[in-house]
Amino acid sequence: MPVEYDLEADVLERIAYADLLSAIRGLPAIYRDILYLQCVEEHKLTEISKLLGIGTATVKKRAQRGRKKLLD
């Protein structure tokens, strides 16, 4: 049975993704880098910690604060 392609859902998903990227780019760098790595590149907190050379707890806290700024 063929899978149906939902063009409208695909377009809405792409718009939402583009809006998310735009919002992340508007954040201060300490939040932007972490959320980009986490949300777009799908890295885990421990990986981000190693990539940026900061503690995992710091990455977690900055991710929380960055998400809060996105919601505001």
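For the classes, Ala, Val, Leu, Ile, Met, Phe, Trp, Tyr, Cys and Pro count as nonpolar, Asp, Glu, Lys and Arg as charged, and the others, Gly among them, as polar.

The axes of α1 and α2 lie 9 Å apart, at an angle of about 155 degrees. These axes are lines fitted to C-alpha atoms, for helices over the stretch in contact, and angles run from 0 to 180 degrees between N-to-C directions. The two helices are therefore roughly antiparallel to each other (under 35 degrees is roughly parallel, over 145 roughly antiparallel, 65 to 115 roughly perpendicular and the rest oblique).

## What you're looking at

This is a predicted model, in which local features need pLDDT of at least 70, side-chain atom pairs count only at pLDDT 80 or more, and totals for chains, interfaces and linings use all residues. Residues are numbered from 1 along each chain as its sequence is written, and side-chain values use heavy atoms, with hydrogens and water left out.

The chain's average pLDDT (the predictor's confidence in each residue, from 0 to 100) is 91, and 97% of the residues score at least 70. Among the elements, helix α1 (residues 7-25) has the lowest mean, 88, while helix α3 (residues 45-52) has the highest, 96. Helices here are DSSP runs (H or I, at least four residues), numbered from the N terminus.

## α2 against α4

Now for α2 and α4: their axes come within 9 Å and cross at roughly 95 degrees, so the pair is roughly perpendicular. On the α2 side the contact uses I30, Y31, I34, L35 and Q38, and on the α4 side V59, R62, A63, R65, G66, R67, K69 and L70. Sorted by class, there are seven nonpolar, two polar and four charged residues.

## α2 against α3

Helix α2 (residues 29-40) also packs on α3, at about 135 degrees with the axes 10 Å apart, and the two are therefore oblique. I34, L37 and Q38 of α2 meet L45, I48, L51 and L52 of α3, giving six nonpolar, one polar and no charged residues.

G55 sits in the loop between α3 and α4 (56-71). With 37% relative accessibility, G55 counts as partly exposed (between buried, under 20%, and exposed, over 50% relative accessible area, with a 1.4 Å probe and protein chains only).

Methods:
Contact = heavy atoms within 4.5 Å.
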